[in-house]
Every structure is written in structure tokens, then in C-alpha cells.
Amino acid sequence: MVEGGAVVASSVVAPATVLAVENLVLRFGGVVVLDGVSFGVVEGEIFSLIGPNGAGKSSLFNCLSRLYTPSAGSVVLYGHDLLDVDAHEVVGLGLARTFQSCALFPTMTVAENVVLGAYRRQAGAWRTAARRIRPRGVANEHLARTYDLLAYLGLSAVADRHVAELDYPSQKRVELARALMTSPSVLLLDEPAGGLTVDEADEISRLIRDIRDRLNITVVLVEHRMTMVMSLSDRVCVLDSGKVIANGVPQAVADDPVVIDAYLGTSHADPGRSP
């Protein structure tokens with residue numbers, strides 16, 4: 001910046017890229033699921049991935065969380081290439097996720113499921129913890145954080161109930177609490193509003209924004225509800241047939257003719273608006 005003929009350094013600092021995906025390729029035999037996917041997520045944003053069914057969104061999440069091993073490319077989180085570390089180390093580097101279908105222990109209580117998140121940062125400890133948590137107990141600091149998170153997510157009243165007894169929206173919150181229990185820097189949410197009513201989805205939207213703002217967690221979201229995506233996201237990346245076809249601010253993406261043709265349709269219908 002120039003002021004009065006003198007060059008003055010700008011005080012504006014661009015947000016750091018915390019998650020960088022470069023030329024990611026995933027093949028299953030002769031089927032190309034991801035075809036050179038690249039994008040970056042900056043610190044403190046809500047970044048959404050959208051696209052038609054079969055576009056590769058969940059497969060991409062599985063690559064980021066190391067459930068799948070890509071055929072080529074890199075995934076860099078805070079300077080660490082996740083493809084160069086063991087799968088169990090990803091959580092320890094600050095990446096956590098939820099799933100489309102809740103991956104919980106149904107015969108354990110809500111509190112027991114959530115406290116397991118504290119052990120996901122330790123190699124091989126999750127299953128061991130699941131076997132001993134009820135008879136042996138856990139560290140006091142883990143219990144304190146568990147109950148803090150349950151209060152934050154409105155689950156205190158059901159802390160001692162078995163997960164199998166809960167309705168689906170409550171199970172979604174339990175899985176979210178367990179992911180937050182790992183103290184992530186980047187949180188991957190795979191269809192957090194899937195199966196919810198409109199009102200429940202609106203509440204989840206408010207919660208996701210609060211997680212970003214209050215807990216300072218960067219969020220990467222896969223979601224089909226376009227109303228939710230467009231109102232919540234800082235940027236939106238669109239996948240189609242395993243390729244990125246658009247990446248930008250929500251309105252620009254919504255107005256992109258290529259995106260409209262591939263996914264949104266001319267009416268910009270919301271495929272997830274109906275409960």
C-alpha cells in the first residue's frame with residue numbers, strides 16, 4: 001500500500017490454508033472415483049463440498065480421514081501430509097469427522113460413547129478403552145470435558161442413557177460430541193442434517209456456526225440441503241463425477257451455469273429441503 005509516496009506494509013494478514021488437497025486421485029480397479037481433486041481450506045472458515053450423488057464427496061472424506069488410501073495426490077494438514085502418516089495418527093494431528101450414518105456403540109451410554117473420543121488420539125486405544133470404560137472408569141479430566149460437551153450440545157439429560165434408546169437427531173449430536181472430544185482443529189461433517197426435519201436442520205446449522213465461532217474450529221461440510229449450505233458456508237466447492245467443477249463464494253457457485261446444469265437445476269431446487 002502507498003501513502004504519501006511511501007510504501008506502507010498492509011496490516012491485513014490473509015488467513016492461512018490449514019488443509020490443502022492437491023491432485024487427489026482415487027481408483028477402485030478401473031473406476032476413477034476422484035479425478036485430480038484440488039482445493040484449499042483456510043483457517044476459521046466453513047467450507048462446503050456439494051454435488052450430485054456419486055460425485056465422490058464421501059469418498060473424498062474417506063481419503064481425508066484415511067479410511068481410503070488415494071492412488072495419487074497429497075492431503076496436507078498444518079504442514080503434515082496425511083498420506084505419509086499412519087491412519088490412527090490423523091486425529092492426533094487435529095482432524096476429526098462424523099459419518100452419514102452414526103458410528104456409535106449402541107449398548108453404551110451417551111457419556112461412554114463421547115469419552116471414547118479422548119482415546120482416539122492414542123494408537124490402538126479406542127477399542128481397548130471401549131472394553132474397559134465401564135468397569136474401570138476414565139481420567140477425571142476426560143470425564144469433565146465429556147460432561148461439558150454434553151451440556152454444550154444439550155445432551156446432559158440423556159448422559160446415562162444407552163445410545164440405542166435415543167432418537168436419530170440426538171444420536172447425531174452424540175457423534176458430534178465424540179468428534180469434538182478429540183479437540184480437533186479441523187472438523188469434517190458428513191451430511192450432519194441428513195434425515196432431519198427442516199427445524200432440526202436449522203438448529204444444526206446454528207450449532208455448526210457456533211462451533212466455528214466459539215470453539216475456533218475450521219469446518220468442512222458435506223451436505224445436500226442447499227438452503228443450509230448457501231446460508232452457512234464461506235466457500236463452496238462442487239464435485240461432479242469425481243472432478244471439481246466450481247469453487248468459490250456461495251452466490252457465485254449457485255449462479256454458475258455449469259453447476260446449475262450438473263446439480264442445482266434451473267429452479268435451484270433444494271434437494272434436502274423436505275424432511
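Student: In β10, which residue is the bridge partner of Leu189?

Tutor: In this predicted model, the bridge partner of Leu189 in β10 is Leu221.

Student: How many of the five residues of β10 are buried?

Tutor: Five of the five are buried, so β10, which covers residues 218–222, is largely enclosed by the rest of the structure. Thr218, Val220 and Val222 point one way from the strand, while Val219 and Leu221 point the other way, and all are buried.

Student: Switching to helices, which residues of α6 are buried?

Tutor: The buried residues of α6 are Ala201, Ile204, Ser205, Leu207, Ile208, Ile211 and Arg212. They lie on the same side of α6, because they cover an arc of only 165 degrees around the axis.

Student: Why would residues three or four places apart point the same way?

Tutor: An α-helix has 3.6 residues a turn, so residues with that spacing point the same way.

Student: Which residues are exposed on the other side of α6?

Tutor: Asp199 and Arg214 are exposed there. As for the helix itself, α6 runs over residues 198–215, and its 18 residues reach 25 Å from the first C-alpha to the last, close to the 26 Å expected at 1.5 Å a residue. After α6 comes Asn216, whose phi is positive, near 55 degrees.

Student: Now α9, which residues are buried there?

Tutor: In α9, residues 257–264, the buried ones are Val259, Ile260, Tyr263 and Leu264. Seen down the axis of α9, they fall within an arc of 105 degrees, so they line one face of the helix. On the other side of α9, Pro257 and Asp261 are exposed.

Student: What covers the buried residues of α9?

Tutor: The cover includes β5, α7, β11, β12 and α8. At the start of α9, a side-chain oxygen of Asp256 also reaches to within 2.9 Å of the backbone nitrogen of Val258.

Student: Last one, what is the mean pLDDT of the chain?

Tutor: The mean pLDDT of the protein chain is 86, and 83% of its residues reach 70 or more. Over residues 123–136, however, the pLDDT is below 50, although this stretch has 22 contacts in the model beyond near neighbours in sequence. Residues 266–275 also have pLDDT below 50, with 24 contacts beyond near neighbours in sequence.

Conventions
Residues numbered from 1 in each chain as written. Predicted model: local features only at pLDDT ≥ 70, side-chain atom pairs only at ≥ 80, totals over all residues. Heavy atoms only, no water. pLDDT = per-residue confidence, 0-100. Contact = heavy atoms within 4.5 Å. Helix = DSSP H or I, 4+ residues; strand = E, 2+ residues; numbered from the N terminus. Expected span 1.5 Å × (residues − 1). Buried < 20%, exposed > 50% of the residue type's maximum accessible area, 1.4 Å probe, protein only. Arc of directions from axis to C-beta. Polar contact = N/O pair within 3.5 Å; in protein donor to acceptor, adjacent residues only side chain to side chain. Pairing = 2+ DSSP bridges.
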